[in-house]
Amino acid sequence: MGKSAADEKILSYNDVVLRRSDLEILSGPYYLNDRIIEFYFSFLSSTHASQDILLVPPSIAFWMTNCPDVGGLKDFVEPLKLPDKKLVIFPVNDNDDVSVAEGGSHWSLLAYYRSADVFVHHDSSRQMNKSNAMRLFKSVAGFMGDSSSACNAKYLECIDTPQQVNGYDCGLYVTATARTICCWHESSQNKDVTDLWFSAVKEQVTPSVVSEMRKEILGLIKDLMAKE
């Protein structure tokens with residue numbers, strides 16, 4: 001496929017623009033890029049349209065992790081209204097070079113749940129992104145409460161996170177885990193602040209489900225394209 005064809009815009013969904021090359025990524029066994037994850041997070045935000053939930057786009061989560069200026073980070077984070085959210089989900093990438101767009105080679109997920117005041121890291125490849133998740137946690141934890149409350153949020157590495165069976169499905173594990181957590185948040189009447197969504201993720205984020213996610217996201221994009 002030529003460069004111009006690969007760059008062809010195929011879908012505008014909320015604030016996300018997808019290109020022809022994104023379909024190629026979803027059609028084969030390839031690592032998901034920022035745009036596909038941002039698209040799916042935007043889709044989840046539309047289907048779980050609650051003011052309590054925030055799914056942070058990859059570019060914003062990346063900047064939060066690597067922003068060198070604390071003052072600049074404050075101005076950047078405030079519009080997100082983090083203190084108003086009960087559940088915040090961040091994608092974590094192992095790229096630590098702010099000069100490289102869409103760098104990195106591994107995705108994981110960091111979720112904040114206000115009722116337990118805890119950040120939980122789900123990594124499908126043996127905690128490979130733990131240091132990046134910790135940096136993100138340290139960057140944003142102080143912004144989760146209002147200015148009058150001290151930050152006591154805890155960080156937890158979920159050791160029971162389902163593990164990927166190949167070298168390229170990490171982004172799909174992030175999308176499947178995010179979906180499971182959002183569904184858990186909406187459906188659980190008496191939420192167990194000890195187990196949280198862990199059992200649901202362990203049961204529902206399986207290799208077969210993750211494999212189907214690739215087809216599901218591709219089908220979703222094609223359905224939306226047909227409606228434009």
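Helix 7 supplies the largest share of the lining of the largest cavity, four residues. The model is a predicted one, in which local features need pLDDT of at least 70 and side-chain atom pairs count only at pLDDT 80 or more, while totals for chains, interfaces and linings use all residues. Residues are numbered from 1 along each chain as its sequence is written, and side-chain values use heavy atoms, with hydrogens and water left out. Helices (H or I, at least four residues) and strands (E, at least two) are DSSP runs, numbered from the N terminus.

A search of the whole structure finds one cavity of 30 Å³ or more. A cavity is a set of points on a 1 Å grid over the protein atoms alone where a 1.4 Å probe fits but cannot get out, and its lining residues have an atom within 4 Å of a point. The largest cavity holds about 40 Å³ of space, the volume being that filled by probe spheres set on grid points joined across faces, edges and corners. Its lining includes Trp107, His122, Asp123, Cys170 and Tyr173. Strand 5 (107-113) and helix 7 are the elements that give two or more residues to this lining.

The largest nonpolar core has 49 residues, and those with the most contacts inside it are Phe39, Ile89, Leu196, Trp197, Ile217 and Ile221. Helix 7 gives the most to this core, with nine residues. Apart from it lies another core, of 24 residues, among them Leu73, Leu80, Tyr112 and Phe143. Such a core is a set of buried Ala, Val, Leu, Ile, Met, Phe, Trp, Tyr and Cys residues joined through side-chain atoms within 4.5 Å; buried means under 20% relative accessible area (1.4 Å probe, protein chains only).

Helix 9 (residues 207-227) has 21 residues and should span 30 Å at 1.5 Å a residue; its end C-alpha atoms are 31 Å apart, which agrees. The expected span is 1.5 Å times one less than the number of residues. Buried residues of helix 9 include Val210, Met213, Ile217 and Leu224. The buried residues of this helix pack against strand 1 (9-13), strand 2 (16-19), helix 2 (20-27), helix 3 (34-47) and helix 7 (170-187). Ile217 touches (heavy atoms within 4.5 Å) Leu26, Ile36, Phe39, Tyr40, Leu172 and Thr175, not counting residues up to four places away in sequence.

Val120, in strand 6 (residues 118-122), is buried, with a relative accessible area of 0%. Among the residues that Val120 touches are Leu109, Leu156, Leu196 and Trp197.

Notes:
Buried < 20%, exposed > 50% of the residue type's maximum accessible area, 1.4 Å probe, protein only. 1 Å grid on protein atoms, 1.4 Å probe; cavity = no way out; pocket = protein on both sides within 12 Å on 5 of 7 lines; lining within 4 Å.
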